[in-house]
Amino acid sequence: MDLAKFLDLYLTEAREHVSLIRKGLPAAGQVPPAVVNDLFRHAHSLKGMAASMGFDATADLSHKVETLFNLWRQGQEAEGDQLRAVVRAVDLLDASMDAVQRDGSEAVLQEEMHSACESLAGLAGPRSDPGQSPAPLKPVAPAPAPALRDLPVLLRVAIDPACPLPAARLMVVWERVRSEVPEARMDPDLERVKKEGLRLATFLLPRRGGLKELALAVRGLSDVTEVDLETPSAAPQAQGSEAQLVQSLRVPAEDLDELREQASELLYRLNQFEAGLGEEEHRRHRFWLESERAQVTRLFDHVLSIRLVSFEVLVERLGRTAREVSGRLGKPASFTVSGADERVDRGLLERLLDPLVHLVRNAVDHGLETVARRRELGKPEEGSVRLLIARDSESLLITVEDDGRGIDIEGIRQAAAERGLYSTQEAAALDRAALLDLLTRPAFTTRREVTEVSGRGVGLDVVRSAVESLGGHLEMDSEKGKGSRFTLVIPSATTLTRVLVFGWGDGVRYALPASQIRRIYPLSSFPLVWSGSDRYLQAGEELLPVLKWRPGPVGREGAALRILSQGRDRVLLVSQVYQGERVVVMPWGHPLEMVQEWMGGALLSTGEIAYVLDGRVLVKREGD
């Protein structure tokens, strides 16, 4: 049988089990039975899936992890060395998925995985006091199989015919049933299920409480299409009854993209229809239009929500990267995260992986000092790397920061002159922002030695290119001796955004997110005044600075848009305000993504394209 066509399914399911193992690992001490049963089940399922796909190293390592979890099930406490070994094993299992996806093989990691297996095997034994002979744990004797007459409750389970690995699915169901009801029996047995690839099985259970809850839990497992709980006092349920459910379907991301585009097209056509109505017709059909718009908007938002995934998937990869680099360089480092529950489009998450890996590697390698140097500076020996995820209006902010040495600004200035990018006089005149921007130039670095991990500046060109390809930009800040901070500012491209449309009389439409605009001032009522070389809008007793950015002239019939700012609000002068709309903001392609103040483009109800501006960037560029 050709297993290659099942590779994507294997990787998806295997990564899910690895993720759940990592989340369920305790700090130390006695592990609650429910937790350790789940850990054991995930390791067991991963072992079976890897073995069925021919990934023997992954199967062996999963088996060793499963063996250790089994000791915890028998009452042994989870000790520090065991937990560290399991964390290392989970990182290797995660890395093996990457290797398989990249190369189709786990061969590159086989030696490390074998070493991890030996380490786990050495730890998977009983602990005893020094000087005493280790007493083996008493094995838990399996309960004698009861006679069929003592097992009157039948739990019948059917696997989706479209599932490529039905036997593996039934193995998962069996482990779930056995974890709740150890004395359960399976008909046909597991060997026959695996040998024949069966999709149906019956579980024979004793009478006891909680069986309905168990049936509901089984119904929640992937690819389980039918669950029937039958007792002698209950007649078999009719076809189509409440117990027979299709729990989930796997939908390709391309299909969701197509559905999103169709929903967007519906919204656009509704806007066009409304724009073509006369004033009287618009008034007559207003409630119908509002109702239809609400329905289409809900459809669009629901399609988008299906594509959203939690940042936790990416967080696990970044944590593994931090641990690997920390261990390789001998720099103890903690990796903490804030905002990991933020949900973003799956495609966006995949495109953020590489730039964030670059930033985390650089933070540990070149951001953090050595242990000896941190002692000299009075810092904790363990460095800190933090990942912060937050929303700011229509933007997603992803920050990687460290508490290390910071960036040597004068070192950048000197390197710029030495490499011939600027003369000594020109380099001396560069401000802080321009110097930091040099770090994003390809191959620019202030370091004189090369390391195997990363370089501050080596890889930042990749980070900048990646974030700009998404219509965003990279912000950098650093304080010498205290650390560095890199923020990826990504405009939202997966939600409906209310914008205000305006222009400068040349036919080109521009827009700003409505959430960035505090107020609109007609210039016929609010005068413009000068103070030295700066221009201000006089709004009562308040003087608001006028942004210099303006692609066209503005007369007395124009307006001033007050843009929110954390420092001091500023106003943008426009010649005409057209309308407000809810639109889908899509990032520009190359080369327009290089223009930071352009958030993206949007198709308006009139059929025109609007350039959506980021007011936050406009204000920042002119000195927030």
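User: What are the ground rules here?
Analyst: This is a predicted model, where local features need pLDDT of at least 70, side-chain atom pairs count only at pLDDT 80 or more, and totals for chains, interfaces and linings use all residues. Residues are numbered from 1 along each chain as its sequence is written, and side-chain values use heavy atoms, with hydrogens and water left out.

User: What makes Asp94 and Arg317 a salt bridge?
Analyst: A salt bridge needs a side-chain nitrogen of Lys or Arg within 4 Å of a carboxyl oxygen of Asp or Glu. For Asp94 and Arg317, N to O is 3.8 Å. The pair qualifies as a salt bridge. The structure holds 37 salt bridges.

User: Which network includes Asp94 and Arg317?
Analyst: Salt bridges with shared partners join them into one network, with Arg15, Asp91 and Glu324 among the other members.

User: Are Asp94 and Arg317 buried or exposed?
Analyst: Both Asp94 and Arg317 are buried. Buried means under 20% relative accessible area, exposed over 50%, and partly exposed in between (1.4 Å probe, protein chains only).

User: Why is Lys548 called exposed, and what is Asp534 called?
Analyst: Lys548 has a relative accessible area of 63%, so it is exposed. Asp534 has 33% relative accessibility, so it counts as partly exposed. These two form a salt bridge, with the closest N and O atoms 3.9 Å apart.

User: Why are α12 and α13 called roughly parallel?
Analyst: Their axes cross at roughly 25° and come within 9 Å. Axes are lines fitted to C-alpha atoms, for helices over the stretch in contact, and angles run from 0 to 180 degrees between N-to-C directions. Angles under 35 degrees count as roughly parallel, over 145 as roughly antiparallel, 65 to 115 as roughly perpendicular and the rest as oblique. Therefore α12 and α13 are roughly parallel.

User: Which residues of α12 and α13 are in contact?
Analyst: Contact means heavy atoms within 4.5 Å. Among them are Val313, Leu314 and Arg317 in α12, and Leu349, Leu352 and Arg361 in α13.

Key: Helix = DSSP H or I, 4+ residues; strand = E, 2+ residues; numbered from the N terminus.
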